[in-house]
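Colleague: Could you walk me through this model, please? I am new to reading structures.

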Amino acid sequence: MNGRWFALAAAVALLAGVPWFGNAVLIQFGINALLIAVLAQSWNILGGFAGYVSFGNSVFYGLGSYGVAIAMAQWNLPFWVGLIFAATIAVAFAALLGWPILRLRGPYFAIVTLGISAAMSALAANLDIAGKNVGLILPLTRNDTLFYEASLVLLAAATLTVAWIARSRFGMALIAIREDEDAAASVGVNATRFKIAALAMAAFFTAIAGGIHAYWITYIDPAGSFDTTLDVRMVIMTMFGGPGTILGPVVGALVLSAIYEVLADSISKAAALFFGIVILVAVIFLPRGLVDLGGGFRALRWRYFLTNIRQYRI
Amino acid sequence: MLLVQILVNGVLLGGLYGLMALGMALVWGVLNIVNLAHGAFIMLGGYLVFFLFTAGLDPLVSLPIAMAVLFLFGYVIQRSLLNLIVRSALLNTLLFTFGLDVVLTYLAQLLFSADFRTINPSYAGANFSVGAVTVPVGRLIAFAIAVALALLLYLLLERTRLGRAIRATAQNLDAARLYGVNPAQIYAITFGIGAALAGAAGTLYGIVAQITPYIGVTLTPKSFVIAIIGGLDNPLRIVAGGIVIGLAEAVTALYLGPTYTDVVSFGLLVLILVLRPARSLKIA
C-alpha cells in the first residue's frame, strides 16, 4: 500500500511539474488531456458506478463554457465568479433534467441523452445572450501554466470525489442501482434521488472543465461548445480505462489522448476511426478496463482475455 | 387542401420510417441488443445502392442485392463479435454497437467523402395527381415496399420454422436450446435480417432524401422512437408507429417549420415514456 501511495504521489508531482520542464506544445496538450480526463472522471460517477450510460454530458460542458463566457464577455465579471455562475447553471439543469429522465432506464435513458445533446446546440445557436451562431469572445489571458495547473487541480478534485464515492454509502447505493435497481429499491435505496445527485456531481465538474476551456481558448461557438464528439470521447476513455474505478478514467483519458495525439500527427484522417476501434476491442477483451489488466494478467497470463470472453459469449 | 397534401406526404414517408425501425425492433426484441449502429447500417445500404446506381443499375433491382449484402454483413458481425458479449449487461452491447457506429461512420467518411449523394432514377422526381392532391412516385414506391417487407417479416416470424425458432429464442433461450435450437445461429440470422431491413431502408431513403456518412446520427434515435411507439412484437404495428411519426413531422414542418421535426420526434418519445412508464420499463 505504501508503495502505491508513493507511486501516486510521484505521478502527481510529475504532472504538476510539466509547465516547468515541458515546452509550450506539451503544456497545451496537457491542458486538453487533463480537461478530457475530468470529463471522463465525471462521466464515471453516473456511468461507471450507477451503470447509466449518458451520451449527453457534453451539454454540461457547453453550459459551463457559455456560463463563463456570458459572465465574462457580456457582464464583465471576473473568471471565478463566472465559474460559480457556470457550475450553478449546470447543476440546476442536471437536477431539473434528471427528475424526468432518470426515471428512464437502460437504452431509454441513453437515447434521450443523445437527443438532448443534439437539441442543446440548436438552442444555443438561437439565443441572443449566447451570441447566436457567431459565438462569444472572452478577454485574453496568456498564461498556459495557470490554465494547466487549474486543470490539474480540477482533475485532482474530481478524482478525490470519486475516491470518496467509492468508499461511501452514496457510492454503495449507486453500485447497488447498477447491479439490480429493483433489489436496491426494495431495501430502501431511493434510486431516483441518488441518480440525480450523481448526475449533478458530474455536471458540476464537467461545467467547470468547460469554463476553464472557454477562458483558455478565449472564443466559443455553439458547434465547439456543445460538441457531441466529446460524449464519444469521455465514454470511450472511461470504458477503456475502467468504469466504476477510481483511477481508470484518468489513466484511460491520458493514455488515449497521447495515442490520439501521435496518430493525429501522422495519419490525421484515421485518428477518429481509432476511437471506434478502441471501444470495440475494449468491450470484448477488457470489459473491466485497463486498470484491471495489471492484476488479471499477472494471475492468468493470456488466459485473462479468454476468461473475459468466456464469461459473456453465447 | 394543403393539409391533405401534407398528410399524404407524411403517411408515405412514415411507411419508410417504419421500415427503418423494423430491423432495430426485431434485434432489440429477440437479442435484447439496442443496436446504436442501426442508422449506420441504413447509411451503408444507401451508399451501396448509390454506387450500383452510378454503375447503371436501377435501385429497385439493387434493393435485394443491398439486402443480401447487409444480411451477410450483419450475420458475420453477430457471429464473430456480438455473440461474444451478448450475455453481458445491456451497457456493454450498447457501447459496442456505439463503437461500431463510430467505426462505420468514419470509414464511410474516409472512403465515400462527406458529399451529399442522391439516388435519382427517372421515377424519383415524378408524381401524379389524385383530385387536388399530388402523389410523389418515389415516396409511394418506398411506402409500398416498406409495407410489403413488414408483411413478409410478419409471415416469416409467424408461419415458418425459422420464425418459430426466432420467437422461441426471444422468449426463453434455455428452453429453445433444449428443443434443438442453436441460439448462436439464430442470433446471427436475426441480426442479419435486421441489417438486411436496414439495407432496404437505406435504398429507399436514398431515393427520397440525401445520403451522407452522418445520416445515422438522426436515423438511429428515430428508429428507436418508432420501435417504442409500435412495440417490439408486431412488424405491422411498427410500420403504423412510423406513420405516426411521419404524420407528426409533416404537421410540425407545416406549422412550426422544418427545423423542429427532430425536436418533435424526441418530444413524443419523452412524452410516451413518461405517460406509459410501466409498459416501457417492462420491455427494458
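Colleague: What is the mean pLDDT of chain B?

Modeller: The mean for chain B is 88, and 95% of its residues reach 70 or more, where pLDDT is the predictor's confidence in each residue, from 0 to 100. This is a predicted model, in which local features need pLDDT of at least 70 and side-chain atom pairs count only at pLDDT 80 or more, while totals for chains, interfaces and linings use all residues. Residues are numbered from 1 along each chain as its sequence is written, and chains are lettered from A and ligands numbered from 1 in the order in which they are written.

Colleague: Where in chain B is confidence lowest, and where is it highest?

Modeller: Confidence is lowest in helix α12 (residues 277–283) of chain B, with a mean of 45, and highest in helix α2 (residues 38–54) of chain B, at 96. Helices here are DSSP runs of H or I with at least four residues, numbered from the N terminus.

Colleague: And what scores does the model get overall?

Modeller: Its ipTM is 0.80 and its pTM is 0.82.

Colleague: Changing topic, how many residues of chain B are in contact with chain A?

Modeller: On the chain B side there are 37 residues, in contact with 32 residues of chain A; two residues are in contact if their C-beta atoms, placed from the backbone, lie within 7 Å.

Colleague: Which helix gives the largest share of that side of chain B?

Modeller: That is α4(B), which supplies 14 residues. By class, the side of chain B that touches chain A has 31 nonpolar, five polar and one charged residues, with Ala, Val, Leu, Ile, Met, Phe, Trp, Tyr, Cys and Pro counted as nonpolar, Asp, Glu, Lys and Arg as charged, and the others, Gly among them, as polar.

Colleague: Is B:Pro213 buried or exposed?

Modeller: B:Pro213 is buried, because 23 other C-beta atoms lie within 10 Å (20 or more within 10 Å make a residue buried, 12 or fewer make it exposed, and in between it is partly exposed; C-beta atoms are placed from the backbone). B:Pro213 sits in the loop between α8 (183–208) and α9 (216–230) of chain B.

Colleague: What does B:Pro213 touch, leaving out residues up to four places away in sequence?

Modeller: Its contacts are B:Met43, B:Thr105, B:Ala108, B:Gln109, B:Phe112 and B:Ala114. The C-alpha atoms of B:Pro213 and B:Phe116 are separated by 8.7 Å, although these residues are 97 residues apart along the chain.

Methods: Helix = DSSP H or I, 4+ residues; strand = E, 2+ residues; numbered from the N terminus.
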